[in-house]
Amino acid sequence: MVTDPISDYLTRIRNAFMAGHRVVEIPASNVKKEITKILFEQGYILSYKFIDDNKQGVVKIALKYNKITKAPVIKKLKRVSTPGLRKYVGAAELPRVLNGLGIAIMSTSQGVMTNKKAQSANIGGEVLCYVY
C-alpha cells in the first residue's frame with residue numbers, strides 16, 4: 001500500500017530518468033492522468049498512453065531526453081504538498097518556479113492545472129509539485 005501515490009508517481013519518473021529508460025509504466029489514477037497531460041502539454045515528456053487493464057489501469061509515459069547531450073529534459077521533480085503537511089496557496093501568493101522557467105502543478109477547485117493557468121483564472125489551491 002502506497003501512502004502517497006503522487007510522490008510514488010514522481011519518484012518512478014525520476015528513477016526512470018536516472019536509469020536512462022525510454023518508457024516508464026505507472027499505476028493509474030485520475031490525478032496521475034491529469035499530471036501526465038500537463039507534463040505532455042508543457043513539453044516535459046515525449047508522449048503518454050492510458051492503458052485499461054480491467055483493474056486499476058496503467059499510465060505509460062515515453063520520457064524525453066535532449067537530442068544533443070542525451071540529458072533528461074526534466075531536471076527536478078519536487079513534491080511540495082504531502083499527506084502529512086498540505087501546502088495551500090491563495091490566488092495572490094501563487095508560486096513562481098525558477099523565475100517562471102519551471103511550473104508548479106496545482107490541484108484547484110477547477111481541476112489540476114499549472115500555476116500559470118491558475119494565475120490567469122485567479123484561483124488558488126493545493127501545490128502538488130514543482131517541475132523544472
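Tutor: Start with the nonpolar core: a set of buried Ala, Val, Leu, Ile, Met, Phe, Trp, Tyr and Cys residues joined through side-chain atoms within 4.5 Å. Buried means under 20% relative accessible area, exposed means over 50%, and partly exposed lies in between (1.4 Å probe, protein chains only). The model is predicted: local features need pLDDT of at least 70, side-chain atom pairs count only at pLDDT 80 or more, and totals for chains, interfaces and linings use all residues. Residues are numbered from 1 along each chain as its sequence is written, and side-chain values use heavy atoms, leaving out hydrogens and water.

Student: How many residues does the largest nonpolar core have?
Tutor: It has 26 residues. Ile13, Leu39, Ile61, Ile105 and Val131 have the most contacts inside it.

Student: Which elements give two or more residues to this core?
Tutor: Helix 1, strand 1 (23-27), helix 2, strand 3 (58-63), strand 6 and strand 8 do. Helices (H or I, at least four residues) and strands (E, at least two) are DSSP runs, numbered from the N terminus. Helix 1 gives the largest share, six residues. A second, separate core has 10 residues, including Val89 and Met113.

Student: What is Ile61 in contact with?
Tutor: Contact means heavy atoms within 4.5 Å. Leave aside neighbours within four places in sequence; then the partners of Ile61 include Tyr9, Ile13, Val24 and Ile45.

Student: How are two packed helices described?
Tutor: By the angle between their axes and the distance between the axes. Here helix 1 (residues 5-19) and helix 2 (residues 30-41) pack at about 40 degrees, with axes 10 Å apart. That makes helix 1 oblique to helix 2. Angles under 35 degrees count as roughly parallel, over 145 as roughly antiparallel, 65 to 115 as roughly perpendicular and the rest as oblique.

Student: Which residues make the contact?
Tutor: Helix 1 uses Pro5, Ile6, Tyr9 and Ile13. Helix 2 uses Val31, Lys32, Ile35, Thr36 and Leu39.

Student: Is Asn122 buried or exposed?
Tutor: Asn122 is exposed, at 57% relative accessible area. Leu98 counts as partly exposed, at 46% relative accessibility.

Conventions: Axes are lines fitted to C-alpha atoms, for helices over the stretch in contact, and angles run from 0 to 180 degrees between N-to-C directions.
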